[in-house]
Structures are given as structure tokens and as C-alpha cells.
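Biologist: I would like to learn how to read the features of a model like this one. Could you walk me through it, starting with the core?

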Amino acid sequence: MSSLSGPAFVNDFSGVPAPPVPNPISFSGTAGYSYQATANGGLYRAFRGPFGLTPNDFETPLVFDAFNGITAFGGRFSLTNSDELRASGSIALSIFTGTSPILLSSTTATVTGAGPAFLGLVYFGAASPITGAQLSTTATDLYPTAERVTVGVPEPSALIALTAGLAMMGLAVRVRRWARKALCAVLALACLIAPVRTTLAAPPKPKKAAVSPTKAALDKAAALVKEGKPEDALVVLRAATLDVKKRRGVGHPDLLPIYDAAGEILVETDPKQKAESLAEKSIAIREKLQADGQLDDEAPLGRTWLLLARARLAAGKLEPALEAATTAVKLLDRTRGPGHDDTTSAWETLERVVVSFEDLLGPEQEASVAARERLAALDESYGRLAPAIETRRLSLAALRKRSGKESPAATAEFDRLQRLLIESGRADEAIADQEALIETLGTDKPSAPARIEALRLLGEMKVAAERFTAATTAFETALAASESAFGRNHPSARLDRLNILSVEAARGRAPDAQTVRETVAGPDEEEPSPALVRALARAASLLLEGGDAEAARGFASRAIECESAWEAIPPATRLEHRLLLARCLLDTRVTAEVRPLLEESLREAESQLGPGDPRTLRTMAALAECNVLDGLPAEATALLQRVLDRGLPRRDFACDRELARIIGLSARVSPAPAAGAQEPQASSLWDAFVTMRQRLDGDDHPATALARVLAGGSRLAAGVPQDAIRFLEPAVPALEAARGAEHPDVAGALLILGLAQRDAANRAAAEQSLERALEIWEEKAGDNHPATLAATQALALTKVADDRAAEALPLLERLQATYEKQPPESEWRLAEVLVPLATAYLAKSDADRARVAATTAAKLDCWQPRRGASTAELEHRALALADVAGILKTVGEESAGTDAQRRARALATRLDNPRSVFAEIDQRSAARN
């Protein structure tokens, strides 16, 4: 078949540039034929070269509508590279029918750079006309390209030739002896190049596409169901089933939509056995298509498993229903995503199956307990912690009633529930039960290992609930018990001392590296033990929190080495330690080493813990950070979107703060928004972060409000104050309602909101927000608390910016007196105060005080930024030093001012584009009138 002639459309751009093509485009042929081609994903676009229709994405299908009974599709196709040049490779052509769609036939050919190859397919059976065609290739860097497309309705003689040719080509593949194989191939080629004519006598009427009997039957059945006549609908579907079996065979894909429709009717009526049988037949057909590589979308298979689960549940087959519902959840979550209606329906069905076990057998019966455990474990693996908590509470009650409160099964379930509450940010709900448990454990053996572990878990709960003093008490009690049971220098005792230090770190006072090293240190050649591994990991966490990632890396690596001697280490613990090491490597920018570690950890986490387990999602977020550092922002954004779509539980504020830090990194390197886009990609990512919190915790929960604060602070740091205000304004009243109007969290939100309002030039609102934040911090934390000082400085600088320097003077002088008493490492804070203070003195015409303030600032040792300082920090310090230069020149210190200006320019030379900053430095360094 070299061409399909007759009433057909031909698009041939060979040798001439392709004209612009609209989308969708209507093509008209002869003898009344016409159809419309619709581009998917920008399929048609004009090329500079002569290559015609070209998909922008690999394996983008050509979708044709209103074919009017077309049964032949062909053309001359090639592969092109990104330079629009033909290339060599394999190209496949497939034709489909129906809207599902269902594959009719496919063929492949090898093309070269010399020219296009012809591929053509004819499908006999007007009842199922071709409704779509797809060009694809296995190459990852080439585009399948249609240079000439021809469609039509061949006459019977052409069908015979093509059918014979295709059959002989299939035979050629199966012949074993090479001579016979070559002969068959020659005969097949002869058949395929035979001319094909199309029938002109009675073409179908334009604009009236043929409707297949299957679709007609499905439409009629749907209408009957809507009318309340399910039995009549089943009669129609049975007739359609017989027709398809007669024309296509008992395993043809055309049966699938009929079986699906009939199953949905039967599962709601009777008999249930038939619904189960139909679902099983559909699964068998779809799994065969999957094995043959013809099932592109597994979602219909997941929906069929869901139908099977419902049918088995209706028939009272609980164990098989549990299996089917579990399979449906896994398939639909993977193919449709966690928030899709189909996935939600699968979870609801699974929960109904578990409830049916309890209703039928009682909650304490072994099968009911096992079903509930299976549901809870699946909930946890997919990140559904709230329903998992409720399921485990029911399971715990049943186990205690069945085998006693202190039975091993009940104790293990209690521990799982407590840790689940911590992981989901609900530790405060677990504290009372944990304290009650410790009382019972301490009656006879106060130094028993079980009591020590219970005390440690209580300490973790109280840290997560921000009850820091009580957490210290719990860890100190555990330490006393450890020393009594094992000795002062035992790894267990060292772990408890490190836990005490971790409370201070949670307060914002991370211990210094030397203290951590001395606390974890033990005898040389110490034997590995679980307690030692935990102590090393805790030390690594503390050092990482304190900013010493290199030292933390050593302890994390040693913890992982010691794990080899720890038999049956829990997968979650192993992954936590690897994630800790990855964090150390990321902070030291060792991405070449961290990428394989994270990729392997992610695969392990998804397979062993599940796609929605918190450790899986944290590993995914860390890999996103790795992609940012490696200059792959698109890949980082895609990973973060997966985390946010799934929903990372908020263990504590540090969890959200870490995720927000990674989102902020990704947002800073995100590409600029496309023309006409409503929101930058970075802002959309923050919206998804807040939406995740709303979905998991509720709109009024303080966790959602704090997520807004984190988003607002990041957008403010990115220089988008209006976007920051959008996040921050609803956060303040939400925090007031949840925690009280005078809570420090409210003050923190007001402080960031005030800074955003100031940068957005809304200084009246900014002063109001900052004054209120300062009042709260002064009352709750005192005059010298870092937050109080930050609010004071923000309010003072707002007044200076509003040309009210005289009002700012008392605030600035108070800050100067405080910062002058602090250690040398705080000199930069003093410099940031001295510059506006000198400006305020100038505003009051007090040149002497301005000279003293500017001279003091210029002599500070803080102008050389820390190693690894960001571009923004370098630029900020250079411009601040330029302001010092301008003030010195204004008060007559020309030499000192020139020296400060030169130092400012020297700082700017470290920037990627220093010339853009030089002009502003020189402008600020000029004497002021």
C-alpha cells in the first residue's frame, strides 16, 4: 500500500516550509468527506523546515474526530531531532476506536535520515471505525513526525491485499528457517505495495459519524438506568455482549465497557454473584492487555478491582473483599493520585469491609483484629495518619478486652499508637496515657528498660507539644534510671544526656559542638549496641541543628556503620539515619555523594514504608533540595509537588520549618513565570504548602496559620511583599483565636507582617503591626530577648523610612546600648543600628553624634561577611558600608568616607555582576545635602 487515494485528505509539505496551522484545524476532502483534527498538547506547529506535522512531546497522539466511517489511515512518517533534521530509528503507528480508546491494530517501521517511510493500516469493520491514531518511538531524543497523512475508505480488493500483507508479515516473524522467512517477507511486501482504491459510489453522509453498536448499547443502558429500569438495561447489555463475542471473540477489549456497566448495575441489585463474575472477567482481560504491553492506563483496572471488592462485600465474602479493596487502593492511588474520587471510593470500600468484619464477628475476634491492623498499616503507609490513629485506638481497645491490658500484643499496639500521635502532631493527646503507663511500670522496677523507654517517649511527646520544662524532667528521670541500671558511661545514659540537650535545642539554644562531643564520647573500641547507635544519631542531629554539618556527618556515618551489628533493625530507623546523613551531606554541598544515597533510600522507603509514609516524603523533599543544588529546579518542583499533594504530617514546627526551607530554596531558583501567568511558580508552590496544611489540619488550626507565616516570611525574603501580606493577614487572627491575643506566635506573625507592610510602602499599617508585636514581646520575653530587639529595630527603621527619625532615636539608642554589651560576634547587629542612628542624628542636625556613630560603624570588624555568604548578604553589607561612607563625607570626614566607599566596592567585586551594584554604592557614598 503506497498510498490511499480517493475521497481522502492529503497534507504534504515535502520541499516547502510548513504554513502556520490553527488548532483545531478542519480538513475537507472530495466526495463529501470532511473531518476535524484536534491537536493535543500543541501537536501542530509550524516548523522552519519541511517536516509538516510534528508533536512537541514524545509519543503525543494524533487525535482525529468525526472520521465519518474512515477505516484506513496511512502516511509517510519520519523521526526528527531537536534541530529538525531527519534521523534513524524505529517508529510505530497505532490506530484506535472508541473514546476509551481501544487499540485496533499497530505496525512499526525503521526510518532513516534519507527520507520518510510509509506506514499504513486498514481496519475492516465499519461498526468500529478508526477514531484516533498515534505515532510513537522508543527513542528518548527524537520526535515522531508526520510528513504526509492520508485517510480514506478502501474498497474490498484493497482490504484483501492489505490483510494478506499484514498476515504474511506476521508469518515472516514466526518462520524459523531464514530462507522461508525471507520468502514470506518478499510476498508480504508485494501485497503491501499493491494499489488501494477507495469506493466512490455511495460515500457516507457528511457530519454523521458511524456509531458502534457497543456505544449505542451503552448509551441506551445508561438511559434505562436513569429511568429506573436496571433490568431492561441488563437485557440491552447482554445482547451487546453476545454481539461482541460473535464478532470479536470472548476475550476482546470491546467487552470491557459492557462488563463495567453491567457490573455497576448488578452490584447495586441482584444477583451479586454475577457482578463478581463480570468483574473477574474484566480483570482477566485487562491483565492480559497489561502483560501484552497494551494497557497504557492502569486506572480502569483499579476501578474494576474496586467493583470486585464491592461485589464480594455485598455477597458477604469478607476476606476476598479485603484483598480486592486493598489492591484497588494501591492501583488507584498510583494511577489517579491520593485525592481522586476513585481513590477515595476505594478507601471507603476498604473501611466498610473492615467494619463488616466487626459487625459479623465482633471487634475482638482474631479475623477482625487482623483486618483492622491491615487497614491501619495501609493508612500509615499512604500518609493517612488521622484515620490510622482512630483505627489503632479501636484495635487497642479490642486487644485489651481480648487478652488483657498488659499483654504483649496490647503493649505493642499502645506503643504504635503513641508514636503515631507524635508523628501526626498530636502528641498532647498521648501524654496523659503515657504518664499513666509510667506509673504502673515504676511500681516494682523503676530502672527497668521498659520504664526507661517509656520515659524517653514521654520526653519526646512533651518536646513535640512544646512543654520543654516537663520534657527535661522526663529525660532527667530516664537518665537517673539508666545510670542506676547500666552505669554512668553506658551508651543508654549518654543517650539520655543528649536528649536533655535536645530540649535546649528545641528552645532555640542549640548546644555547642564541644559539649555534644564530650557528652557522646565513650571508651575506645566500644561495642556497637542499639543505644550507642541512637546516641550517635542524636549527637549528629544536635550538631546539625547547631550548624556544624561536617562534625554531624561523622557521627551519622558512624551510627550507620554500627547498625550492621544490630540485628533486625526496623526499616524506619534505618531510613531515618540515612536521611540524617543525607541532611549533613546536603548542608556541606556534597551532592555527588548524597544523590545516590537519597535515590536508594527513596526506593527503599516507598517499597518498605509506603509512598505516603512521613519518612518517604521527607526523603523526597531532601532529594528535591539535592536537585536545587544541582541546578535542576524543574525536577525539584515536581518532587515537592508530590510531597504537597500527598501531605506531609506535621510532627512539630521544626518539620514544617524544614519543608518550608526547601520550598524556599526551590522557589528562589524557579524559572520566571510564563507570559500571561496569574501567579509565579514559586507562589503557587507556597499556596500548595498552605493548602496541604488546610487539608490535613483544618483552616482554623494553628498549624495552618503557622504555615501561612512560613510562606509569608519566604515571600518577603524573596522581595515580594504584597504576596507575603496575602499569606500573613489571615494568619494573625487565626493564631489569636487559637492561642490568645498575647501569644508569642501572634507577635512573630505581626513582626513579619509589619516588615511586609513596610516594604509594600504601607507604613501606617506597618507601625501598627510592629508596635503591637513589640508590646507582646516586651511583656512575654523581656527587653533583651532577640525577638524584642528585632521588633524594636523593625519599628525604628520604619519610622526612619517615614522621615520621622526623631521618633526613632530613643528606640535606636536603646538598641545601641544593648548590642554594645554583647560579644564580638554580634557586631553586625550593632552596625545595622549605627547606620540608621547616624542618619537620625543628621536629620536632627547633630553632626557630632552622627560622626561618632558612623566612625564607630566603619571601624567594626563585621564588614567581611562569613564564609559562604549568599549574594544577598554580600550586597546588603556593601550597600550598608556605602551608607556609612556617605554619612562620613557629609560630616566632613572625606578621607574616612572615601576609604569606606572603596571597601564597599571591594565587597561588591565578589558578586556575580558587580557593575550593577557599583553605581548604587557610589550614589550612596556621596555627601548628603
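Modeller: Gladly. In soluble globular proteins, nonpolar side chains tend to be buried together. A nonpolar core here is a set of buried Ala, Val, Leu, Ile, Met, Phe, Trp, Tyr and Cys residues joined through side-chain atoms within 4.5 Å, where buried means under 20% relative accessible area, exposed over 50% and partly exposed in between, with a 1.4 Å probe and protein chains only. The largest such core has 74 residues, and L735, L812, L834, L860, W863, V884 and I921 touch the most other members. Apart from this core lies another, of 69 residues, with V516, A624, L665 and L685 among them.

Biologist: Which residues does W863 touch?

Modeller: A contact means heavy atoms within 4.5 Å. Leaving out residues up to four places away in sequence, W863 touches W828, A831, A857, A858, R877, A880, L881, V884, R903 and L907.

Biologist: What should I keep in mind about the source of these values?

Modeller: This is a predicted model, in which local features need pLDDT of at least 70 and side-chain atom pairs count only at pLDDT 80 or more, while totals for chains, interfaces and linings use all residues. Residues are numbered from 1 along each chain as its sequence is written, and side-chain values use heavy atoms, with hydrogens and water left out.

Biologist: How many helices and strands does the protein have?

Modeller: Helices (H or I, at least four residues) and strands (E, at least two) are DSSP runs, numbered from the N terminus. The protein comes to 36 helices and 11 strands. Of its 929 residues, 49% are buried.

Biologist: And how do I find empty space?

Modeller: Rolling a probe the size of a water molecule over the atoms shows where empty space is left. On a 1 Å grid over the protein atoms alone, a cavity is a set of points where a 1.4 Å probe fits but cannot get out, and a pocket is an open set with protein on both sides within 12 Å along at least five of seven lines; lining residues have an atom within 4 Å of a point. Grid points are joined across faces, edges and corners, and a volume is the space filled by probe spheres set on the points. The second largest pocket has a volume of about 2100 Å³. It is lined by 45 residues, and E832, S870, A872, E873 and H876 are the closest to its centre.

Biologist: Which element gives the largest share of that pocket's lining?

Modeller: That is α34, with 7 residues. By class the lining has 21 nonpolar, 8 polar and 16 charged residues, counting Ala, Val, Leu, Ile, Met, Phe, Trp, Tyr, Cys and Pro as nonpolar, Asp, Glu, Lys and Arg as charged, and the others, Gly among them, as polar.

Biologist: What lines the second largest cavity?

Modeller: This cavity holds about 30 Å³ of space, and its lining is G664, A667, R668, W686, S714, R715 and A718. The most comes from α24, with 3 residues.

Biologist: Where does E466 lie, and what is its phi?

Modeller: E466 lies in the loop between α14 (449–464) and α15 (468–486). Its phi is positive, about 65 degrees, although E466 is not a glycine. R589, in the loop between α20 (571–587) and α21 (591–608), also has a positive phi, near 65 degrees. E466 is partly exposed at 46% relative accessibility, whereas R589 is exposed at 52%.
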